Amino acid sequence: MKTNKIQRRQFLKQTMAAGTGLLILPGGVLSGKNAPSNKLNIALIGAWGRAKAHYRGLKGENVVALCDVDEKHLGYAAKEFPKAKHYIDWRKCLEQKDLDAVVCCTPDFTHAFIANWAMNRGLHVYCEKPLGITVEEARVVRATYLKNKHKLAVQHGTQRHAKSNFNRVRELILDGAIGELKAVHTWGNRQLRKEGYLPAKGKPPKNLHYDLWLGPSPHHPYNPEYFSGKPGANCLNWNMYWDFGTGQIGDMGSHTMDLAWNAIDAGLPTAIEASGEEFNPEVTPVTLKAKFEHPANNWRPAIDVFWHQGGDMPLSPMEYIDLNKINHGALFKGSNGFLIAHFDSRIILPYGKEADMTYYKPRSKNLLNPPIEDFQQEWIDACKGDLKTSCDFDYGGTLVEQMALSLVAYRVGEKIEYDGVSGRVTNNKKANEFLSKKYRQGWTIDG
Ligand SMILES: NC(=O)c1ccc[n+]([C@@H]2O[C@H](COP(=O)([O-])OP(=O)(O)OC[C@H]3O[C@@H](n4cnc5c(N)ncnc54)[C@H](O)[C@@H]3O)[C@@H](O)[C@H]2O)c1
């Protein structure tokens with residue numbers, strides 16, 4: 001079976017490598033990018049909610065397995081993908097022998113598990129954001145990816161990355177439109193206040209396998225409110241709780257930091273400070289401000305990168321610009337000006353004696369970064385071709401690791417120094433306890 005899989009993979013790669021040429025197969029079947037023989041066999045894990053945004057793209061491939069802890073959701077997805085086998089436990093699903101790839105749209109606290117197990121089985125992975133909910137989870141997934149990058153294509157689900165504004169912001173920063181980069185602020189203003197884990201209420205409906213939903217998480221009693229959100233927005237009903245998510249850090253933080261991350265070529269921060277509202281052992285903070293210190297790289301000096309959430313905001317560089325009107329945005333400060341960006345648009349604000357912009361030469365059209373167009377298709381093409389995606393688990397894993405570090409610094413309440421090679425905090429023993437979390441017995445991230 002293994003040999004068949006490898007031969008199939010080789011075939012998929014070769015037919016893609018053949019580019020536009022059509023290949024005549026025995027029996028006269030035409031091949032090419034969209035030929036039946038050149039389709040990926042995909043497992044969709046977490047088959048409803050956010051998954052619905054993936055249905056259209058997946059219809060061009062073979063969805064051969066559907067997995068969901070809610071049988072009603074399985075039934076819903078089965079109407080879209082009638083040929084797929086059904087599973088309620090993703091561990092069983094990953095045993096299906098004909099799989100090439102996995103799309104993971106489950107809640108945040110299972111992402112690192114599913115992504116890691118899938119890569120360990122030689123499967124390409126598209127994983128919704130955030131890749132994990134702790135520093136350790138992000139690191140494990142990144143490390144497994146780096147070991148397998150010569151044979152696997154992976155994409156972290158920050159699909160806004162495909163907006164052309166991301167490319168334009170990067171080009172402006174790298175080409176010096178605001179002079180030398182000094183600092184970057186990113187923010188998100190979503191505020192979801194919860195008091196604590198929900199009290200026990202009723203029994204899970206028959207269709208919902210609640211114990212599998214909890215999966216690796218410590219036990220919390222069932223309450224229907226965790227499941228009462230609209231498709232694609234139900235995450236807002238559980239992602240604030242420490243055992244299920246990271247709050248806005250991993251939610252909109254994944255997208256908004258991506259806008260900056262794409263333009264600063266950063267690795268892991270060397271020091272992190274964070275402050276916010278009083279610590280609640282059950283719920284992640286609504287209001288938070290974090291500062292990450294990043295060393296210089298080959299085109300910019302050392303910079304501070306900030307994340308503000310839940311009402312904390314950077315100062316506007318000009319009174320007449322109300323940053324509060326941008327719910328999720330980034331502000332780049334340079335030696336000669338500011339760049340303010342939303343996901344779709346940007347403003348340049350030159351300032352100071354040197355702000356005549358004569359120092360800046362816009363690049364010619366042929367040197368613009370090429371458009372991504374369809375973010376999910378980029379991954380599908382990468383699985384069949386050169387394995388290259390815009391947000392692989394090195395890029396996305398580093399971003400998520402940084403964001404998770406802010407919660408560690410917040411919990412210890414002082415500046416932490418971080419060694420990105422060993423993944424350890426070097427000046428605070430207690431902080432190292434918050435880099436990872438305990439899972440329920442029987443669950444391991446590295447299966
Ligand atoms: N990229 C984006 O713009 C975007 C937008 C919305 C949500 N998301 C992400 O998508 C994910 C899902 O969010 P949602 O609002 O759809 O959540 P949800 O609670 O509706 O869960 C999605 C689906 O996963 C199923 N599920 C839950 N646990 C499972 C498990 N262990 N195994 C298999 N299936 C399981 C649920 O029954 C549901 O059908 C989250 O991680 C969220 O951050 C991303």
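Student: What share of the 447 residues is buried?
Tutor: Buried residues make up 44% of the 447. A residue is buried if 20 or more other C-beta atoms lie within 10 Å of its own, exposed if 12 or fewer, and partly exposed in between, with C-beta atoms placed from the backbone. Bear in mind that this is a predicted model: local features need pLDDT of at least 70 and side-chain atom pairs count only at pLDDT 80 or more, while totals for chains, interfaces and linings use all residues. Numbering starts from 1 along each chain as its sequence is written.

Student: Ok, and how many helices and strands are there?
Tutor: The protein has twelve helices and 15 strands. These are DSSP runs numbered from the N terminus, with at least four residues for helices (H or I) and at least two for strands (E).

Student: Which residues of H10 are buried?
Tutor: Eight of the ten residues in H10 (residues 375–384) are buried. Among them are Phe 375, Trp 379, Ile 380 and Lys 384.

Student: What about the largest nonpolar core, how many residues does it have?
Tutor: That core has 102 residues, and Leu 44, Val 102 and Leu 339 are among those with the most contacts inside it. Helix H11 (residues 395–412) gives the largest share, ten residues. A nonpolar core here is a set of buried Ala, Val, Leu, Ile, Met, Phe, Trp, Tyr and Cys residues joined through C-beta atoms within 7 Å.

Student: New topic: which residues come nearest to the ligand?
Tutor: Of the 29 residues around the ligand, Gly 46, Trp 48, Gly 49, Arg 50 and Asn 234 come nearest. To be near, a residue needs its C-beta atom, placed from the backbone, within 6 Å of the molecule.

Student: Which helices each supply at least two residues of that shell?
Tutor: Helix H5 (108–120) and helix H8 (210–214).
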